[in-house]
Protein chains: 2
Amino acid sequence: MFRNAKNVGYYMIGQGSLSQLGDLLAVRHKAVAGPAVFFLDSFFEGKDLADKLPVESRDMVLYVDTTSEPTTDSVDGYTDQVKAFLKGAEPCALIALGGGCVLDTCKCVGNLLNNPGKAEDYQGWELVKNPAPYKIAVPTLSGTGSETSRTGIICNEEKNIKLGMNSDFTMFDQVLMDPDLTASVPRNQYFYTGIDTYMHCFESITGSYRNVVVDSLAEKAIDLCKQIFLSQDMMSEENREKMMIASYLGGMAAGFVGVVHPISAGLSMVLHMRHGIANCYSLSVQEDIYPEQYKEFMTMMERQGIDLPKGICQGLTDAQYDALYGASIVHEKPLSNRLGPDFKNILTKENVIERFKRM
Amino acid sequence: MFRNAKNVGYYMIGQGSLSQLGDLLAVRHKAVAGPAVFFLDSFFEGKDLADKLPVESRDMVLYVDTTSEPTTDSVDGYTDQVKAFLKGAEPCALIALGGGCVLDTCKCVGNLLNNPGKAEDYQGWELVKNPAPYKIAVPTLSGTGSETSRTGIICNEEKNIKLGMNSDFTMFDQVLMDPDLTASVPRNQYFYTGIDTYMHCFESITGSYRNVVVDSLAEKAIDLCKQIFLSQDMMSEENREKMMIASYLGGMAAGFVGVVHPISAGLSMVLHMRHGIANCYSLSVQEDIYPEQYKEFMTMMERQGIDLPKGICQGLTDAQYDALYGASIVHEKPLSNRLGPDFKNILTKENVIERFKRM
């Protein structure tokens, strides 16, 4: 049984292309009369960006708190707010401007607008039954690949699991990539997020579950990441544009990840750590599992002058270490993708906790 | 003004995936009650393939003559046949099984089913006004990229020009790639068609009109072509699958071509030569314009044991040489893409005719 893979509908790329968002919305307005809903990273509250957007008086602007990863609770909360605003009207578009948190929040809220129940009901594969409203992604931070992937990842605190709504309906209909938008991102954050593409792509191509189209896209995305992060300035104009493409291709290539993402998910669940930096900590203790990529990653960090302060898991309680282990080891498919069905022989509880302690 | 680029909707790839065509059609049947129309390369007439297809009694099977390139006349003729069969019903899908000729014929007929007039009325850019019926591409020959590109290229004999219907509506909605389908292609034909990807991709990235996403896809497609054609056997199982991906990515990367395609168009117009082999003859006399690629191409031909018999333009009339020149030089945008606005200083009439004589 072969998978029928969906592509994101349309993409536009170029420095200054944000100015064409209004044109894209004008086309949507002709198709659907309802208002637009803008999801903005709370970082932009009171900043210039909001003024530059084609927001009309009847539209909604929703600021998404990005201090921690989206949760089933936060997604349910935003869904309630959007529903209260729309009062049953069909929105002409949902527009997400931000990094992975904002994009994933928009994707999940979109599903919940047209499907009954709560966010946690749709964590898994092919659980969404009805198409979401039309959605536009405008990344202001590149690397997660959320703009082209078919998942919206959320933390379920009660179940101690980080899991996505995997569905074709989760995907964006349009991606708009304007490299000007990433010019002012702090360097550390740019690195932590950008390197996510490198990580999920090398995890995919070094795994045992493969798909040849995905391999090709992942190889190209890795190639671009190497050009960017091994250059003198990962944030040059050219490299910021390349990073947008790498993220776009990497999101399309989002196949199965390996050991980096499960350990990273543990950090996000228990320490509420952001995905990008959590990935970096995760790879930083996997010199035995990904020796080549570990070395390359360390060179990239050094070349770009990025810190990863040690000691983040010092002094935790035994219960917290148990939770870190639990929220990592639950991801059996990615772990076996790299390590085979007997992955628990390598990743024993002691082994995993020892890795967290070294971070 | 940035272009909003459309992607092909869905793709499926894998050895044996043709067996899932019926499932894809079953989904379509639920959406639209009308019959399906299968466009098959006339090569398959009386062969096994037709029996393996999920053709129902109410469906139409149309054999497309592929002895020469599609023309405005041939497309108009097939359109009349399909219209007569459908009697106004909306088809649930048009399915093309073949190489570029069949895929392009299906794309153009699709546009003409829902837009008034003749094929020649839509040769150009953004001339198609109404969406075409749902279309599925099943390549049985890889390389043209027609499965993912937004053009359907046809020869207009009266105007002596080879020009496509460039429109988002021309694109397929679904691509199904089964490498088993290319196992029995004659080696020469496999090479001539496959190398088309290499050619339009290097023409694109060596040109002056660029787009960074297109560049990335083209680079990856070229990389795959090198792996395939510099290997010992371009038709190994693995390489046939790679060739399908290269063609798929190359079609998405279809940006602006350079000097190979215009000279090739001349051969197709005047000598009714097929596109793939015409490209090969074209590059074979451009050692000065593309020195690096010329050398690599010659190595590929040798490695794969491909012939390109000399003397194809010997003994033509002056009128024919004039026509060859005219049908080549008319493509100003691609020619200037490689050679700059003064391309006619290099490609004088004498220079171009001398190249044809050397073929």
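First, the ground rules. This is a predicted model: local features need pLDDT of at least 70, side-chain atom pairs count only at pLDDT 80 or more, and totals for chains, interfaces and linings use all residues. Residues are numbered from 1 along each chain as its sequence is written, chains are lettered from A and ligands numbered from 1 in the order in which they are written, and side-chain values use heavy atoms, with hydrogens and water left out.

Let's start with the interface. How much area is buried between chain B and chain A? About 3100 Å², with carbon and sulfur atoms giving 58%. Buried area is the accessible area, with a 1.4 Å probe, that two parts lose on being put together, summed over both.

Now the polar side of that interface. The rule finds 14 residue pairs in polar contact across it, both residues at pLDDT 80 or more. A polar contact is a pair of N or O atoms within 3.5 Å; within protein, one must be able to donate a hydrogen and the other to accept it, and residues adjacent in sequence count only if both atoms are side-chain atoms. There are also two salt bridges between chain B and chain A. That term means a side-chain nitrogen of Lys or Arg within 4 Å of a carboxyl oxygen of Asp or Glu. Lys220(A) and Glu219(B) make such a bridge, at 2.6 Å from N to O.

On to the sheets. Two strands pair if DSSP finds at least two bridges between them. One open sheet has seven strands with mixed pairing, in the order S4(A)-S3(A)-S5(A)-S7(A)-S10(A)-S2(A)-S1(B). S4 (60-64) of chain A and S1 of chain B stand at the edges, each with a single partner strand, so one side of each has no neighbour in the sheet. At one end, S3 (residues 36-41) of chain A runs parallel to S4(A), joined by five bridges. Leu40(A) sits opposite Tyr63(A) there. S2 (residues 10-13) of chain A pairs antiparallel with S1(B) over two bridges. Tyr10(A) has Lys6(B) as its bridge partner.

Chain A also has a hairpin. S8(A) and S9(A) form it with four residues between them, and Asn160(A) in the turn has a positive phi of about 50°. These strands pair antiparallel over four bridges. Cys155(A) is partnered by Lys162(A).

Last, two pairs within chain A. The structure holds 32 salt bridges over all chains. Glu69(A) and Arg274(A) form one of them, with the closest N and O atoms 3.7 Å apart. Glu69(A) lies in the loop between S4 and helix H3 (72-86), and Arg274(A) in the loop between helix H8 (260-271) and helix H9 (275-283), so the pair ties together parts 205 residues apart in sequence.
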